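Dear colleague,

Please find below the structure I am handing over to you. My findings follow it.

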Amino acid sequence: MPLSNDDLSAIWLTLELASLTTVLLLLIGTPIAWWLARTDSWLKRPVGAVVALPLVLPPTVIGFYLLIALGPNGYIGQLTESLGWGILTFSFTGLVIGSVFYSLPFVVQPLQNAFESIGNAPLEAAATLRASKLDTFFSVVIPLARPGFITASILGFAHTVGEFGVVLMIGGNIPGKTQVVSVQIYNHVETLQYTQAHWLAGGMLLFSFVVLLALYSSRQAKQGWQS
Amino acid sequence: MNRPLPMDKPQDPASESIQAHFKLSHDSFTLDVDLQLPGKGVSGFFGHSGSGKTSCLRCFAGLEKPQEGYLKVNGEVWQDSQNGLFMPPHKRAIGYVFQEANLFPHLSVLGNLQYGLKRIPSTLRQVPLQQAVELLGIGHLLKRMPDKLSGGERQRVAIARALLCSPKLLLMDEPLAALDPKRKSEVLPYLEQLHGQLQIPVIYVSHSADEIGRLADHLVVLEDGRVQATGPLKQTLVRDDLPFIFEADAEAVVDGHVCDFDQHYRLLSIRLNGSDSVLKLPHSMLENGQPVRVKIKARDVSINLQKAHDSSILNLIPAQVVSIVSLDGQAQVLIHAAVGEEHIVARITRYSFDRLKLLPQQQVWLQIKSVSLLGTA
């Protein structure tokens, strides 16, 4: 078996982190995307820009600010400590928080596009058929935006699996706690364990390819359904 | 199938009406209407595009929130801006048929039909699914998805879907406008049948005088966001005249024969059938005796009591007034006049009409500014 126990626990941890992050992102990202898609407020552009920041910022910058905010002297760190949750840096929870920020645009943007493409007409039809706004959201918007939700989930998950800089900054390299696959590959290369690095790197490559293949196939199926 | 739809119990006549006042302005458009409509039957809202008829309908539905608004439907107040009352669309007992059907693409026909039905408490349901399906002839479509329906089928499903909400007011926004003539004739009979069976008020918006003439009992004419005319259709005007009075391009088509050609001025003379009257128009030469058909727009025809001399207008022919179509509130009046076997329509202002004191049977001179050849008959 070319994979060590540390490798296996890194894989497991990565999947756990990505799954939890994706679920949280769908919960947080859906209202943000809906608001961005429907609002005429002047805040639309600033908020849209903030959501998109992780697309252009080096992960180390996000990681650095999160490290400070979550640390014992940061606002969030003081809050979590006063709530008895302790300091979240160098913990799995800290990684989840970092990942949510880091992958936010990958979930919000596909959802926002999907919501925008629905337009007003189905919402008005639902309103004239006795559906309240919340009812309309669940019975019309979510089914019509399904391709957007699929894309958002796949991208959010895959992007979290691929993160490295943010993890290293706020999570460090603690086996079983914050040591994810990308960090583990780095460790193997540092210690010249190229065989193990190959296994993990090759696995990531294959995973990314399969994810993107699935994504593009689902897009094609969606276009076929629409025409 | 032929029993009336049991939609609304008879109420005392005083409350059987719709009172509406909407004042809405955005950008350069202002809608300002004050309406009293019958609580039963079809009210046809007629107007050209941009006249505000769709905005007005959206106000009835609550899809548009006017700055000032009051709406009372058969005794129930749905909106009263003075008391801060605004019922959102989903709380109003309406059925709404959109111009583009607007079916949910993710639901089958049956799913679409049940969408509204499921949201009505069963004690308030007054239209059984089966009845709506039969009434609109869509039984064979229930399992299909909307993208597998023709335009006419989609619209029939949309109408059934609206009826299944057991509305107290049915709102229809040009339900036939997006259909080609063949599909239109496929849906229209269903609408006429509905008209006979519905016990609830219907507001039917259209820019087609033909549809309004066939379906409406009460007429509302909108222009620039204001009510131009309102009243029972039959009293307001003769149904057959509806297309003429409203359509900006009211015109007459008359038949005749070529009787002369002036080489020098390149004018063709046409003798109208059944009379000695001759129309001249610029055209290339055609053979004498050839049957032709010409088109004369009502707005190009004016009326003189005596033969005018020294006019630049070429065509001046005697005629007899046949009928007069006049609609309260309209600035213009339409005159039908007979020339031999042919009829010509003239659109003149109400002012001129009153000044000339025109009456049926009266002999007049028609002054025709422009004639165009439609083709050789």
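The domain assignment of chain B gives domain 1 (13-236) and domain 2 (251-376); such bounds come from an automatic or database domain assignment. The C-alpha centres of domain 1 and domain 2 of chain B lie 41 Å apart.

This is a predicted model, in which local features need pLDDT of at least 70 and side-chain atom pairs count only at pLDDT 80 or more, while totals for chains, interfaces and linings use all residues. Residues are numbered from 1 along each chain as its sequence is written, chains are lettered from A and ligands numbered from 1 in the order in which they are written, and side-chain values use heavy atoms, with hydrogens and water left out.

In chain B, 5 strands form an open antiparallel sheet in the order β16-β20-β17-β18-β19. Strands are DSSP runs (E, at least two residues) numbered from the N terminus, and two of them pair if DSSP finds at least two bridges between them. Because β16 (301-304) and β19 (342-349) of chain B each have a single partner strand, they stand at the edges, and one side of each is left without a neighbour in the sheet.

Strand β18 (residues 332-339) of chain B runs antiparallel to β19(B), and 8 bridges join the two. Within this pair, Leu334(B) stands opposite Arg347(B) in β19(B).

Yours sincerely

Terms used:
Helices (H or I, at least four residues) and strands (E, at least two) are DSSP runs, numbered from the N terminus.
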